Amino acid sequence: MPETGLSSAPRFSIVVPVYNVQGYLRACLNSLLEQDFADFEVIAVDDRSPDRSGEILAEYAARDPRVISVRHEENRGIGAARNTGVARASGDYLLFLDSDDTLTPGALRAMADRLADSEDPDLLLFDHVRSYWWHAVKPSAARELLAEAGAEVFRPAERTEFFQMFAVVWNRAFRRRFFVDNGFRYTDGLYEDALMVYTTMLTAERAVCLDHACVDYRQRRHGNSMKTPGRKHFTIFEQYQRLFEFLDGRPDLTPLRPLFFERMISHFLFTGARESRVLVQDRPEFFRRAAEMYRRHKPAGFTPPAEVDALQFQALERGSYRVFQAVNLLSRTRKNGQQRLRKAQRAVSKRATSSFYRMQLKRPLDPNLAVFSAYWNRTPSCNPLAVYEKAKELAPHLKGVWVVREDLVDTVPEGMDHVVVNSQRYWEVMARATYFVNNVNFADTVVKRPGQIHLQTHHGTPLKRMGIDQQQYPAAVKGMSMRKLLERADRWDLSVSANQHTSEQWERVYPCSFESIDAGYPRNDVFFRTGAQDVLDIRARLGIAPGRTAVLYAPTVRDYQVGYVPQLDLEKITRELGPDFVLLVRTHYFYGQDPHLQELQERGALIDVSRHPSVEELCLAADALITDYSSIMFDYANLDRPIITYADDWETYVRSRGVTFDLLSGKPGDTPGTIATSEDELIEAFRSGRWDDERARELRAAFRARFCMWDDGHAAERVVNRAFLGIQDQAPAPLPLSERTVAPSPREAARTVAGVVLAHAGDGSPDQPDVELTS
């Protein structure tokens with residue numbers, strides 16, 4: 001951390017209101033704490049956020065004294081949160097930053113220099129850029145205006161062109177004494193920015209500009225309160241009423257009333273025309289309120305400027321909603337007609353799968369029917385299977401049906417109801433089921449009906465970049481339509497998360513309206529209920545001889561490679577490790593059967609477990625895990641057994657796919673254990689004992705604490721309660737790590753079972769095995 005240079009009065013107090021932004025908050029805070037100008041304080045106000053934003057704030061406040069975390073006991077809105085921040089501020093200047101936006105590198109330094117050069121004005125206006133969720137970046141409309149101002153110090157009320165800037169409080173700095181001494185406070189509700197911007201600019205005596213993009217304004221696909229329709233948008237009338245009451249008390253500003261009247265009416269027209277703000281059924285009342293404001297505040301002699309639609313202004317003045325509607329609809333129809341037609345055609349095309357399916361879509365939903373699928377309709381497995389099994393126990397009224405490919409029907413366990421993809425019963429089930437459970441996505445041809453609930457369980461913790469982040473990595477999105485990906489994610493109602501890191505990532509990279517179930521991964525429950533004899537039975541079925549150390553090697557797929565390309569000389573590794581070790585090799589499910597692996601298995605050099613139906617059983621059977629960047633490391637960490645990271649192509653992988661944290665940093669929480677970047681290092685790690693020494697165990701413990709925070713054997717219970725039974729908090733809260741009992745390692749299992757056998761032998765028990773068990 002850089003030296004803060006923090007005095008009793010820092011140069012900047014940065015107020016950050018926080019609500020439902022756990023996927024963006026770290027980026028926001030990091031952008032502040034990584035500034036090269038460090039004389040500031042961050043006052044982050046948790047406005048009773050329902051997600052884990054408060055925990056993130058506490059984490060940052062604990063490690064950096066510049067971060068001051070304040071919590072509201074009830075949700076009071078962004079204006080109240082900003083007021084709370086101002087009350088706690090002590091800096092020379094106030095900055096207001098929304099918690100899903102960021103400061104650009106060097107922003108505070110540029111501000112500080114400009115303020116010093118201009119002898120501390122009341123206001124500093126600066127530039128910003130807009131970053132879109134598809135990773136486009138666009139400059140602001142004020143860029144040229146700010147550049148033309150140069151180093152001039154001016155009175156804003158005399159330079160009305162600056163009132164054309166985007167009326168938000170985060171693109172300016174306020175001298176704190178100016179702000180406080182004039183009694184400025186944020187009001188409740190939306191559109192509070194415009195009121196604060198106009199009143200402070202009309203009051204300020206000295207302002208300067210900075211031609212530097214200081215804020216990166218994130219354009220979220222979902223979650224922006226300004227894009228959520230409802231009655232809350234009617235507060236725009238109250239905010240502008242307050243503005244004109246302010247003008248009433250300032251006769252010297254009378255010449256500016258026409259300007260603000262035109263701004264007000266244009267803002268009303270802009271807001272009322274958007275379906276993302278005002279609902280269709282609320283528009284007549286919105287128009288009536290706007291017309292009242294028009295008549296109440298129209299300046300004498302006002303005429304609409306040429307650049308706006310004069311007909312809309314005239315309709316408001318007359319109070320004729322019919323005329324206004326006709327004018328508005330005419331302009332909107334011409335603009336949106338073709339877009340709506342294309343959208344309707346796509347919707348019809350998606351539904352035109354078969355006449356039988358269309359007929360089934362007209363039938364009522366079956367409230368007790370649930371559809372399950374895993375890994376693009378492969379064998380039942382992973383999180384969906386764990387949820388399915390728990391639902392049979394806790395929600396027996398549900399009928400679960402699995403979707404499988406025709407070539408994999410023989411792998412479905414006996415007695416498990418299933419349908420084949422594209423069969424007639426498949427379309428019937430997909431049309432009438434109430435619940436849909438998958439660890440990927442269902443086909444695009446599946447229509448989501450009102451009342452249907454989609455549960456996305458996912459199938460891993462994201463080390464690699466996912467969702468919209470993949471757009472930056474061409475190798476990762478080859479052949480992928482981001483638009484279609486997000487349309488599929490729009491169908492999710494519930495999303496299962498394994499840990500806080502995952503919850504934050506999913507919220508940001510899948511900008512949709514799902515609810516996160518922070519439960520842990522149901523597939524990992526088995527690690528907490530498997531006994532010693534079960535572990536030994538799994539090893540016996542896999543052909544692992546007693547006494548041998550089994551090492552599971554499970555690498556992930558490489559986006560920059562075509563087909564399976566071994567990263568290790570497996571024959572060399574098995575030879576160098578010696579007869580006391582046995583290597584279990586599992587290739588990624590994207591790859592077909594590898595002839596070379598089959599050859600090595602036939603020679604007894606290793607055991608190919610690539611087609612074993614249960615990854616969880618392989619983890620239970622293994623004494624240690626060797627992997628690279630596969631999410632299996634996060635699941636295996638639950639077992640508290642050695643994890644060796646073999647990363648011979650880390651830099652290439654990072655460039656081609658991107659990562660969410662530095663796996664090789666060696667920092668507790670980032671690195672799960674011993675690191676090897678070459679075959680010789682890997683062999684040496686086993687020969688020297690580094691694969692499970694004290695340092696490796698310390699790293700493993702920190703990694704487990706970070707990524708296994710909710711896994712405790714009750715994840716499936718929490719998911720079933722929420723998704724199928726509509727209840728929460730019925731399962732116990734996750735146990736502390738120190739109190740969790742996981743399946744014993746194979747060595748512990750052998751000792752445990754052998755101990756039971758010896759105890760029986762001492763009692764004269766006749767149940768002694770014929771085979772001696774060794775540890």
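Predicted model: local features only at pLDDT ≥ 70, side-chain atom pairs only at ≥ 80, totals over all residues.
Figure 1. Within H11, comprising residues 310-318, the buried residues are Gln312, Phe313, Ala315 and Leu316. Seen down the axis of H11, these buried residues fall within an arc of 160° and therefore line one face of the helix.

**Figure 2. An open sheet of seven strands with parallel pairing.** The strand order is S12-S11-S10-S13-S14-S15-S16. Strands S12 (418-420) and S16 (515-518) stand at the edges with a single partner strand each, so one side of each is left without a neighbour in the sheet. On average, neighbouring strands of this sheet are turned by 25° against each other, direction ignored.

**Figure 3. Pairing of S11 with S12.** Three parallel bridges connect strand S11 (residues 399-404) to S12. Trp402 stands opposite His418, a residue of S12.

**Figure 4. Helix H17 across strands S15 and S16.** H17 spans residues 500-509 and runs at about 145° to S15 (494-497).

**Figure 5. Tyr240 in the largest nonpolar core.** This core contains 66 residues, of which Phe96, Phe179, Tyr198, Tyr240, Phe260, Ile265 and Phe268 touch the most other members. When neighbours within four places in sequence are left aside, Tyr240 is in contact with Ala194, Tyr198, Arg263, Met264, His267, Phe268 and Met293. Another core, of 43 residues, lies apart from the largest one and has among its members Ala550, Cys619, Ala621 and Ala622.

Notes: Residues numbered from 1 in each chain as written. Heavy atoms only, no water. Buried < 20%, exposed > 50% of the residue type's maximum accessible area, 1.4 Å probe, protein only. Helix = DSSP H or I, 4+ residues; strand = E, 2+ residues; numbered from the N terminus. Arc of directions from axis to C-beta. Pairing = 2+ DSSP bridges. Axes fitted to C-alpha atoms, helices over the stretch in contact; angles between N-to-C directions. Contact = heavy atoms within 4.5 Å. Core = buried A, V, L, I, M, F, W, Y, C linked by side-chain atoms within 4.5 Å.
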